[in-house]
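Welcome! Have a look at the structure shown here, and then let us walk through it together in questions and answers.

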Amino acid sequence: MSPFTGSASRTERWKHLRLTTDDGVATVTLARPEKINALTFGAYADLRDLLAELSRERSVRALVLAGEGRGFCSGGDVDEIIGATLAMDTAQLLDFNRMTGQVVRALRECPFPVVAAVHGVAAGAGAVLALAADFRVAAPSARFAFLFTAVGLSGGDMGAAYLLPRVVGLGHATRILMLGEPVRAPEAERIGLISELTGEGEADTRAAVLARRLADGPALALAQTKALLTAELDMPLAAAVEMDAATQALLMNGEDYAEFHAAFTEKRPPKWRGR
C-alpha cells in the first residue's frame, strides 16, 4: 500500500468498529456484542477502509482483531445483510461480494502482521476474517464454522477456498467447507487452523502479547516476509527464489540489517527502526 495520499483526510471516528492504538499496536474490536458482532454493510466497509488507511500511515506495526462479548463474530447479520441481499439485483450483489473480498485482501496485503483473538464463535464471514489473519490466538471456547453451504451458497466465499487449503490442507478444507460443521479449538489446533491455544478468557491478552512482540521486532523484515508468503503461494520455485533474492538484496541495504551487526558486535539488543 502506497503511503501517498490525495485529498481524503484521516478518518477521526469509525462508526462500525472500535479502534485503539498503543505505541505501534492497533486493536480493532468488532463491537456489536448483542448480535455476537454480526457484520453489517457498514462494518465491512469500515474494515476495508481502516486497513487501507493504517497501511498508508505506516504508524502501525501490528494489529489485533478482536470481538467484544461472548464471541468473536457470528458472520453476516441475518436481517441487515442476508435479508437485504434478497432484494438486490445481480450488479448490487456483485458489488457487495467484491467488497467482502476486498476486506480479506486488505488483511492479507497490509504491511503489518494481523493477530486474530478468537473466543466463542467465529462463523461464516467471521471465520474467514480470522482465517485471513497471520496468526489466530484462540481460547478453548473458540469454534470456527464456515457455514456458507448451509445457507445455499458456495463454501468458497471471501477467498476461503483459496486460503483454507493453504492453512490446513485440501482434505481438511474440503470437509470443513462442504459440510459446514464447526471446528472446535482442540481440532483447530491439531490441523493448524490456530497458532496458539490459550486458557479460557486469555485470548485477547495473549494476542496483545504476540502483537507487542511483533511490533517491537524488525517491521520491514516482517512486512516483506508477509508479502512473500502471500505472493509466493502460486509461484513456481524459480520465480520464488528470484523474488527472495531481490528482497534480501534490498533489505541488506537497510538500516536494520546493519543495526543487527552493530548490536551483535556490541553485545546488546538491536534497536529496530523498520528501515
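Helices (H or I, at least four residues) and strands (E, at least two) are DSSP runs, numbered from the N terminus. This is a predicted model, in which local features need pLDDT of at least 70 and side-chain atom pairs count only at pLDDT 80 or more, while totals for chains, interfaces and linings use all residues. Residues are numbered from 1 along each chain as its sequence is written, and side-chain values use heavy atoms, with hydrogens and water left out.

Q: In which helix does aspartate 256 lie?
A: Look for the run of residues 255-266. Aspartate 256 lies in that run, which is helix H11.

Q: What is the nearest side chain of opposite charge to aspartate 256, and how far away is it?
A: Lys and Arg count as positive and Asp and Glu as negative, with His and the chain ends not counted. A salt bridge is a side-chain nitrogen of Lys or Arg within 4 Å of a carboxyl oxygen of Asp or Glu. Aspartate 256 is buried (under 20% relative accessible area; exposed is over 50% and partly exposed in between, with a 1.4 Å probe and protein chains only). It has no salt bridge, and the nearest side chain of opposite charge is arginine 273, at 6.5 Å.

Q: Which residues is aspartate 256 in contact with, leaving aside its neighbours within four places in sequence?
A: Contact means heavy atoms within 4.5 Å. With those neighbours left aside, the contacts of aspartate 256 are Pro218, Trp272, Arg273, Gly274 and Arg275.

Q: How many salt bridges does the structure hold?
A: Side chains of opposite charge can pair when their charged atoms come close. One of the salt bridges joins glutamate 259 and arginine 268 (2.6 Å, N to O); glutamate 259 is buried at 14% relative accessibility, while arginine 268 is partly exposed at 26%. Another joins arginine 48 and aspartate 49 (2.8 Å, N to O). The number of salt bridges in the structure is 18.

Q: How many residues apart in sequence are the parts that lysine 35 and aspartate 77 tie together?
A: The side chains of lysine 35 and aspartate 77 meet in a salt bridge at 3.3 Å, N to O. Lysine 35 lies in the loop between strand S2 (25-30) and helix H1 (41-57), and aspartate 77 in the loop between strand S3 (62-67) and H2, so the pair ties together parts that are 42 residues apart.

Q: What is the volume of the largest pocket?
A: On a 1 Å grid over the protein atoms alone, a pocket is an open set of points where a 1.4 Å probe fits, with protein on both sides within 12 Å along at least five of seven lines. Grid points are joined across faces, edges and corners, and a volume is the space filled by probe spheres set on the points. For the largest pocket, this comes to about 680 Å³.

Q: Which helix gives the most to the lining of the largest pocket?
A: Lining residues have an atom within 4 Å of a point. The largest pocket has 27 of them, with Gly76, Ile81, Ile82, Val151 and Leu153 nearest its centre. The elements that give two or more residues are helix H2 (78-85) and helix H3 (90-109). With 5 residues, the one that gives the most is H2.

Q: What separates the C-alpha atoms of isoleucine 82 and valine 151?
A: Isoleucine 82 lies in helix H2 and is partly exposed, with a relative accessible area of 39%. Along the chain, isoleucine 82 and valine 151 are 69 residues apart, and their C-alpha atoms are separated by 9.5 Å.

Q: Is valine 118 buried or exposed?
A: Valine 118 is found in strand S4 (residues 114-118). Not counting residues up to four places away in sequence, it touches several residues, including Phe72, Ala130, Phe144 and Ala203. With a relative accessible area of 0%, valine 118 is buried.
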